[in-house]
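Hi,

Here is the structure I promised to pass on to you. My notes on what turned up in it follow just below.

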Amino acid sequence: MASNRIGRINDEIRRELSELLRTVKDPRVSEAMLTITHVDTTTDLRYARVYITAMDRTGEKDLMRGLKSASGYLRRELGHRLNLRYTPELQFMADDSIAHGAHILDVLSHVKPPNPANEHIVLDDEE
């Protein structure tokens, strides 16, 4: 039952942070195309890991520095919007799961059937 509550809190934090990131004045954050993939909050609500994916991977370190410097502002605004006893400390983490998934999809799309008995199978790409 507690994990269901934490899941709802994670979703609410992700939703509110998505809106709040548009208000950050730091150009490292405001000019970046980023997505919050998911939020993982501890059970005592003291810490929240926010997983971020940036569209431009070259400026990712600057983006993480900008998010770290804006974390106080984001935490304060999050505290005003959420009705929680404790507002969690935000820890921003780079998430490469989207790029990793795209790489796996690319590898799988170039695999040929190794079994000669399966050569009669035609994939959609090969037509």
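This is a predicted model: local features need pLDDT of at least 70, side-chain atom pairs count only at pLDDT 80 or more; totals for chains, interfaces and linings use all residues.

R85 sits in the loop between α3 and β3; helices (H or I, at least four residues) and strands (E, at least two) are DSSP runs, numbered from the N terminus. R85 is exposed at 76% relative accessibility, where exposed means over 50% relative accessible area, buried under 20%, and partly exposed in between (1.4 Å probe, protein chains only).

Residues are numbered from 1 along each chain as its sequence is written, and side-chain values use heavy atoms, with hydrogens and water left out.

What does P88 touch, not counting residues up to four places away in sequence? The list is I13, L45, R46, Y47, A48 and R75, with contact meaning heavy atoms within 4.5 Å. P88 and R49 are 39 residues apart along the chain, and their C-alpha atoms are separated by 9.2 Å.

L45, one of the residues that P88 touches, belongs to the loop between β1 and β2 (47-54). Its phi is near 60°, a positive value in a residue other than glycine. L45 is also buried, with a relative accessible area of 7%.

Now to the chain as a whole. Four helices and three strands make up its secondary structure, and from the N terminus on the elements run α-α-β-β-α-β-α. Of the 127 residues in the chain, 28% are buried. Among contacts between residues at least 6 apart in sequence, 63% join residues at least 24 apart.

Helix α3 (residues 60-81) deserves a look. A straight helix of 22 residues would span 32 Å at 1.5 Å a residue, but α3 spans only 28 Å between its end C-alpha atoms; the expected span is 1.5 Å times one less than the number of residues. α3 bends by about 50° at A70, the bend being the angle between axes fitted to the seven residues ending there and the seven starting there. A70 is one of the buried residues of α3, which also include L63, M64, L67 and L74.

In helix α1 (residues 2-20) you will find N10, which is buried, with a relative accessible area of 11%. Leaving aside neighbours within four places in sequence, N10 is in contact with V39, D40 and T41.

Finally, the largest pocket. On a 1 Å grid over the protein atoms alone, a pocket is an open set of points where a 1.4 Å probe fits, with protein on both sides within 12 Å along at least five of seven lines; lining residues have an atom within 4 Å of a point. The lining of the largest pocket consists of S18, L21, R22, V29, S30, A32, L34, T35 and I36. Both α2 (27-30) and β1 (34-41) give two or more residues to this lining, and β1 gives the most, with three.

Happy to talk any of this through.

Best wishes
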